[in-house]
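User: I would like to go through this structure by question and answer. Please keep it plain.

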Amino acid sequence: MRLGARGRPAGRGRGLLDLGADAPLRRTPRLARGRDGGGGPQLPARPGRAAGRGVVSTGAPAESRGRSAHGYLLTQVFGDPATAELVSPSHTVRLWVDVEKALAEAEAEVGLVEPEDAAVIASLGDGAKLDQASLWEHTRTVGYPILPLVRMLAAQLPDGPAGRLHFGATTQDVMDTALALQLKGVLDRLDDLLVQFGQEIAGLVAAHRDTVMAARTHGQQAVPTTFGAVLSGLLAEIGRHRARLADARPRIALVSLNGAGGTSAAIGEAAGRVRAALAGRLGLGVPSAVWHAARDGVAEVGWLCAAVSSTAARFATDVINLSRNEIGELAEGSGEVHYGASSTMPQKANPIRSEVVVGMSLLAGAVAAVLPRAMVVPHERAAGEWQAEWQAVPQLAELAAGALLNAVAVARSLTVDVDRMRHNAWMDGGFLMAEAFMMGLAGPMGREDAHDLVTAAVRRGRHRRETLVEALRSLIPTEQADRLEELVARLRPETYLGDAPTLCDRVLQEWKASVDRDREQRDERSAPWKN
């Protein structure tokens with residue numbers, strides 16, 4: 001656990017609204033009290049207005065005031081910088097401001113707000129110079145960030161435009177619309193990383209289409225296969241994840257503008273037109289129903305983050321296991337002198353990136369478990385469930401992207417020891433070929449009798465340290481001896497691969513077709529807010 005300057009657990013400095021336990025509570029001078037002269041902290045007044053109407057920005061750098069400059073060790077060191085920026089507090093605030101500005105323009109488009117007022121609102125900055133320390137402090141009082149944010153923005157506007165800011169919207173409208181933009185960007189980034197991961201795996205599948213190795217089931221050698229065939233299943237899985245991301249995108253990239261109770265009564269009969277105009281400006285879709293309390297889209301994205309992390313971890317786990325000294329078929333590493341080094345054992349070259357992927361996947365699965373519970377929202381607005389998303393969703397995005405980023409690095413630097421794979425296929429006295437001999441003898445003997453014979457030969461061979469062929473020659477019925485010698489002459493691991501090589505060809509063809517088909521669409525998926 002990392003401790004802050006005051007000895008308390010330190011905040012992370014990332015997330016939709018991740019304040020951090022060590023964020024200083026900068027006290028803004030109280031400029032006014034409530035009518036009774038008491039009460040809690042009051043929102044400072046903007047010059048020329050009644051106290052409590054606005055919050056003055058000091059112009060201090062957003063990330064330097066009241067925010068932790070460090071994240072959790074795992075994602076801070078091994079995370080994906082692009083995703084970290086997407087879900088950072090500063091970027092989140094910019095998105096809230098973008099939504100407020102786009103809302104004013106959309107309302108002007110349908111005649112609800114004067115175009116001149118909307119133009120002034122749209123001229124607001126991107127929120128980078130807002131005093132975010134003050135924003136977070138007042139969020140602790142209000143419970144949500146949009147009321148103090150709107151006051152801070154209104155403090156920069158003349159009276160007319162200030163009165164049309166946040167017109168007819170509610171806090172969750174702004175935050176959910178910004179979340180939709182954020183998750184659209186996250187899905188795009190995950191897709192980019194999946195393509196990179198898939199391309200590396202595709203290269204390995206092609207290069208090792210015919211590289212013979214032992215397939216392992218329950219941790220033990222089973223039958224011969226090829227390294228390309230082993231990875232072909234992973235490549236197909238990566239392709240399915242890309243399809244899932246594409247399917248999920250329109251279900252989460254939706255505008256939210258339905259007002260306090262989901263009826264849009266504050267905007268009135270123009271609500272549908274405003275909603276469509278806002279969606280068009282932000283590059284989002286228009287939902288058919290209110291999603292304030294319907295969080296299935298958010299939960300789906302969370303599940304996808306956990307799922308892609310698990311796929312990356314499945315690859316990383318194989319790398320870890322196959323890089324054991326006694327197996328030695330794979331090794332990760334960049335060639336740097338101290339890559340994976342131990343502080344005390346000079347011989348060590350630990351699979352560090354693979355370990356990072358596994359760790360991120362474990363965390364992603366645990367964090368994702370929060371979101372199905374967060375779907376159980378009472379009535380028309382969450383009562384604590386929504387706040388769980390503020391923490392879980394950014395973490396899931398960073399963990400998924402980090403797992404994929406490091407999996408790409410592992411695949412790119414992977415060393416495959418082809419000779420060791422071939423050696424290991426024969427290391428157990430040829431018992432890897434037990435099924436092959438059983439099926440070869442099943443024709444004349446029947447499958448059950450052949451199974452019993454080969455099982456007895458395996459037991460004898462292991463007990464007496466004989467090879468499978470030696471044991472079979474001792475046990476084979478005389479009338480089947482010639483058939484056994486025929487099998488001995490032609491059976492080798494490379495002759496008992498089934499359709500492993502053609503499986504590689506088929507999966508590679510499907511992968512290439514999907515990448516070619518989607519490349520143009522991926523290039524066109526940049527939303528206006530990303531430019």
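User: Which residues of helix 18 are buried?

Analyst: This is a predicted model. Helix 18 runs over residues 468–475. A residue counts as buried when its relative accessible area is under 20%. In helix 18 the buried residues are Leu-468, Ala-471 and Leu-472.

User: Which residues does the second, separate core include?

Analyst: The largest nonpolar core has 121 residues, and those with the most contacts inside it are Trp-96, Leu-149, Phe-197, Ile-201 and Phe-315. Helix 8, residues 171–207, gives the largest share of this core, 17 residues. A second, separate core has 22 residues, including Ala-442, Leu-453, Leu-472 and Leu-491.

User: What does Phe-197 touch, leaving out residues up to four places away in sequence?

Analyst: Phe-197 is among the residues with the most contacts inside the largest nonpolar core. Beyond four places in sequence, Phe-197 touches Leu-234, Ile-238, Ala-312, Phe-315, Leu-404, Ala-407, Val-408 and Ala-411.

User: Which element gives the most to the lining of the largest pocket?

Analyst: The largest pocket holds about 570 Å³ of space. Its lining has 22 residues, of which Gln-220, Gln-221, Ala-222, Phe-431 and Arg-462 are the closest to the centre. Strand 1 (212–217), strand 2 (220–226), helix 16 (434–445) and helix 17 (447–464) each supply at least two lining residues. The most, six residues, comes from helix 17.

User: How does the lining of the largest pocket divide by class?

Analyst: Classes here are nonpolar, polar and charged. The lining of the largest pocket has ten nonpolar, six polar and six charged residues.

User: What is the make-up of the lining of the second largest pocket?

Analyst: The second largest pocket has a volume of about 350 Å³. Of its 13 lining residues, Ser-323, Asn-325, Ala-349, Asn-350 and Pro-351 are the closest to the centre. By class, the lining divides into five nonpolar, five polar and three charged residues.

User: Which elements give two or more residues to the lining of the largest cavity?

Analyst: The structure holds three cavities of 30 Å³ or more, and the largest cavity has a volume of about 80 Å³. Phe-227, Val-230, Leu-231, Leu-234, Arg-314, Phe-315, Asp-318, Leu-322 and Leu-330 line the largest cavity. Seven of these are nonpolar, none polar and two charged. The elements that give two or more are helix 9 (227–252) and helix 11 (296–322).

User: Is Gln-391 buried, partly exposed or exposed?

Analyst: Gln-391 lies in helix 14, residues 385–413. The relative accessible area of Gln-391 is 34%. Buried needs under 20% and exposed over 50%, so at 34% Gln-391 is partly exposed.

User: What part of the contacts with a separation of 6 or more comes from residues 24 or more positions apart?

Analyst: The protein has 20 helices and four strands, and 52% of its 531 residues count as buried. Among contacts with a separation of 6 or more, residues 24 or more positions apart account for 75%.

How values were computed: Residues are numbered from 1 along each chain as its sequence is written. This is a predicted model: local features need pLDDT of at least 70, side-chain atom pairs count only at pLDDT 80 or more; totals for chains, interfaces and linings use all residues. Side-chain values use heavy atoms; hydrogens and water are left out. On a 1 Å grid over the protein atoms alone, a cavity is a set of points where a 1.4 Å probe fits but cannot get out, and a pocket is an open set with protein on both sides within 12 Å along at least five of seven lines; lining residues have an atom within 4 Å of a point. Grid points are joined across faces, edges and corners, and a volume is the space filled by probe spheres set on the points. Ala, Val, Leu, Ile, Met, Phe, Trp, Tyr, Cys and Pro count as nonpolar, Asp, Glu, Lys and Arg as charged, and the others, Gly among them, as polar. Buried means under 20% relative accessible area, exposed over 50%, partly exposed in between (1.4 Å probe, protein chains only). A nonpolar core is a set of buried Ala, Val, Leu, Ile, Met, Phe, Trp, Tyr and Cys residues joined through side-chain atoms within 4.5 Å. Contact means heavy atoms within 4.5 Å.
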